[in-house]
Structures are given as C-alpha cells and as structure tokens.
Amino acid sequence: MNPLAVSLRQLEQDDAVTLQGDIDADQLQIESFDEVIEIAGPLRYELTAELHGDALLVMGDLGLPLKCTCVRCLRSFPYEVELEGWSSLTPLGGEEGLQIAGDWVDLTPLLRDDVVLAFPQHPLCEPECSGLPTPKPGGQFAPGTDSAGGESASQWAALDQLKL
Ligand SMILES: [Zn+2]
C-alpha cells in the first residue's frame with residue numbers, strides 16, 4: 001500500500017490526517033537528472049493533510065539526504081534537502097489537481113515535484129570553494145589532495161581552466 005495516500009473518507013471524518021515515516025526515493029520515483037547529485041537515502045516526511053473545500057492542504061516537514069559533487073573542486077559531500085514548514089494547497093481532481101483513485105488521494109506527485117525543485121542547482125562543497133587544485137604534471141586532477149596549495153594554487157587552477 002502507498003504510504004503517501006490519504007483516504008478522503010477519513011479526511012471528511014477527522015479534521016486532519018497525519019502521515020509520518022520515510023519512503024524510498026525509488027518508490028517515490030524521485031530521480032536526479034543531474035550527474036552531480038545522487039540520492040543518498042529515503043525521504044523523511046511528517047505531514048498533516050486537511051480538506052479545504054475542493055482542495056487539499058498538506059503541511060509539514062520533508063527531508064532527503066543527497067550526495068553531491070562540488071561543481072568547482074569535484075569533491076563529493078553530503079547535502080540535506082530540508083523543507084521545514086512546507087505547505088501546499090492543491091485542488092482535488094481535474095487536470096491540474098491531485099488524482100483521486102476510489103477513496104484515495106496520492107500525495108506522491110506533490111512531494112516529488114517540490115523536493116526535486118529544492119535540489120541545489122550548482123552544488124558547492126562550501127560557498128567559498130576555491131576550485132580545483134593545481135593539475136599534476138601528468139595532467140590529471142587530484143581533487144581533495146591539494147589542501148596546502150591555498151590561494152595561489154587555486155588562482156593558477158582558475159587560469160588553467162581559462163586556457164582550456
Ligand atoms: Zn568544492
């Protein structure tokens with residue numbers, strides 16, 4: 001059974017329905033289309049759903065761990081997508097609305113879209129990441145090994161990138 005489906009009957013009976021747990025990214029059909037971002041664990045959710053007329057209000061917290069590759073220095077680092085106090089008011093049914101199957105409304109597309117939108121656009125291991133270390137004589141980059149180079153090394157690396 002889909003853990004991210006809520007029963008309309010239950011929504012009508014109770015004021016609010018609570019959903020809490022975690023779900024595999026596969027089950028949620030979240031995929032990263034960016035090669036610098038990998039999904040590193042399940043989506044955690046803690047949500048409350050309420051009916052408001054013909055719309056469904058869903059509120060709560062979402063979290064998804066990612067493994068990102070820094071676009072400047074190519075080092076991989078953990079990143080946490082955190083949507084705290086997230087909310088969405090979406091019509092039920094219709095072309096734009098949430099699909100209703102029998103008594104059930106599936107929240108999966110709603111969560112998927114907003115979580116994917118929260119992925120970093122250009123992941124950086126730190127905001128001031130200085131970029132790739134100086135290339136080794138063989139022309140191979142060795143990310144993460146040249147921390148002693150400091151400012152000047154990174155400036156040379158930037159120059160080398162310009163030449164490319
Ligand atoms: Zn970096």
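Strands β4 and β5 pair in the antiparallel sense over 9 bridges. Strands here are DSSP runs of type E with at least two residues, helices are H or I runs of at least four, and both are numbered from the N terminus. Two strands count as paired if DSSP finds at least two bridges between them.

The model is predicted, and local features need pLDDT of at least 70, side-chain atom pairs count only at pLDDT 80 or more, and totals for chains, interfaces and linings use all residues. Residues are numbered from 1 along each chain as its sequence is written.

With β6 (residues 76-91) it runs antiparallel, joined by 14 bridges. L56 is bridged to T90 in β6. This pair is also a hairpin, with 6 residues between the strands. L74 lies in the turn and has a positive phi of about 65°. Strand β3 (residues 37-39) is joined to β5 by 3 bridges, again antiparallel. I37 has C68 of β5 as its bridge partner. In a regular strand, side chains alternate between the two faces of the sheet.

These strands belong to a chain with 4 helices and 8 strands. Along the sequence, the order is β-α-β-α-β-β-β-β-β-β-α-α. The protein chain has 164 residues, of which 18% count as buried. A buried residue has 20 or more other C-beta atoms within 10 Å of its own; an exposed one has 12 or fewer, and a partly exposed one falls in between, with C-beta atoms placed from the backbone. Two residues are in contact if their C-beta atoms, placed from the backbone, lie within 7 Å. Among contacts between residues at least 6 apart in sequence, 60% join residues at least 24 apart.

The largest nonpolar core holds 25 residues. Such a core is a set of buried Ala, Val, Leu, Ile, Met, Phe, Trp, Tyr and Cys residues joined through C-beta atoms within 7 Å. L43, L64, L107, L111 and V115 touch the most other members. At least two residues of this core come from each of α2 (25-28), β4 (43-52), β5 (55-69) and α3 (108-117). Strand β5 supplies the largest share, 5 residues. L107 touches L4, A5, V6 and V58, leaving aside residues up to four places away in sequence.
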